[in-house]
Amino acid sequence: VILLLDTSGSMEGDKIKNAVDSSVSFVERLAPDDEVYVVTFGGGSVIQLSQGGRAGDVAERLTQTLRGLYADGNTPLYDGLCQATQLVDQLKAAHLAQGERRLYGIVLLSDGEDTSSTITQNQMFNCLPSGEDVEGVKVFTIAYGDGADTDLMLRIANRTNASTFKGDPASIERIYNAISAEQ
């Protein structure tokens, strides 16, 4: 599972607090052999938190790092989604080389529209799996708050045969639970 979290300035206040708290709870509920990675996009850049890996090994450190996230800057949503998709491709290759077959999911949470990516929306859609590749990774989207681009989130989820959710700070925990049940 890759949590792809919007940490742009529009996430300030209750939005970032509840998104972080719910992400921590999500990570803590994973089975020890599940793998989890976190990628953030905000402040005009995309950052993969270094503590990713087997949940049983990284959950404690990863939750501490998550609790340190804050909201700032612009929203490079397209760049973030492409980087998360590239990470899935790398993980799939490593797992296949070890003879492992796994399910892959990206959980994208954003409260706005892309404001600072270096790629276009069309290029972002080209990063997503299509055809038979969709079986390997699903992108679950959470349109978080009133300013979220719900149409874009729906199109991303539909492209990967996943679900989209509309959330707010009060409902984010329930949405993470629903995604856990689907995956």
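**Figure 1. Buried and exposed sides of helix α6 in a predicted model.** Helix α6 spans residues 172-182, and its buried residues are Ile172, Ile175, Tyr176 and Ile179. Buried means under 20% relative accessible area, exposed over 50%, and partly exposed in between, with a 1.4 Å probe and protein chains only. Helices (H or I, at least four residues) and strands (E, at least two) are DSSP runs, numbered from the N terminus. Arg174 and Ala181 are exposed and lie on the face of α6 turned away from its buried side. The cover over the buried residues includes β1 (2-6), α1 (14-29), β5 (104-110), β6 (137-144) and β7 (164-167), where contact means heavy atoms within 4.5 Å.

Residues are numbered from 1 along each chain as its sequence is written. In this predicted model, local features need pLDDT of at least 70 and side-chain atom pairs count only at pLDDT 80 or more, while totals for chains, interfaces and linings use all residues; side-chain values use heavy atoms, with hydrogens and water left out.

**Figure 2. The largest nonpolar core has 31 residues.** A nonpolar core is a set of buried Ala, Val, Leu, Ile, Met, Phe, Trp, Tyr and Cys residues joined through side-chain atoms within 4.5 Å. Leu3, Leu5, Leu66, Leu109, Ile142 and Tyr176 touch the most other members. At least two residues of this core come from each of β1, α1, β2 (35-42), α2 (55-67), β5, β6 and α6. Helix α1 gives the most, with six residues. Leaving aside residues up to four places away in sequence, Leu3 touches Ser23, Phe26, Val27, Tyr37, Val38, Val39, Val107 and Tyr176. A second, separate core of 27 residues includes Ile2, Leu4, Phe41 and Cys82.

**Figure 3. The disulfide of Cys82 and Cys127.** The sulfur atoms of Cys82 and Cys127 are 2.0 Å apart; a disulfide is a pair of cysteine sulfur atoms within 2.5 Å. The count by this rule is one disulfide. The link of Cys82 and Cys127 is right-handed, with 100° about the S-S bond. Cys82 belongs to helix α3 (residues 77-97) and Cys127 to helix α4 (residues 121-127), so the pair ties together parts that are 45 residues apart in sequence. Cys82 is buried, at 5% relative accessible area, whereas Cys127 is partly exposed at 26%.

**Figure 4. The salt bridge of Lys15 and Asp111.** A salt bridge is a side-chain nitrogen of Lys or Arg within 4 Å of a carboxyl oxygen of Asp or Glu. The whole structure has nine salt bridges. In the bridge of Lys15 and Asp111, the N to O distance is 3.0 Å. Lys15 is in helix α1 and Asp111 in the loop between β5 and α4, 96 residues apart. Asp111 is buried, with a relative accessible area of 3%.

**Figure 5. Two further salt bridges, Asp21 with Lys17 and Arg54 with Asp33.** The side chains of Asp21 and Lys17 meet at 2.9 Å, N to O. Both residues lie in helix α1, four residues apart, about one turn of the helix. Asp21 is partly exposed at 31% relative accessibility, and Lys17 is partly exposed at 46%. For Arg54 and Asp33, the closest N and O atoms are 2.7 Å apart. Arg54 is in strand β4 (residues 53-54) and Asp33 in the loop between α1 and β2, 21 residues apart. Arg54 is partly exposed at 33%, while Asp33 is exposed at 51%.
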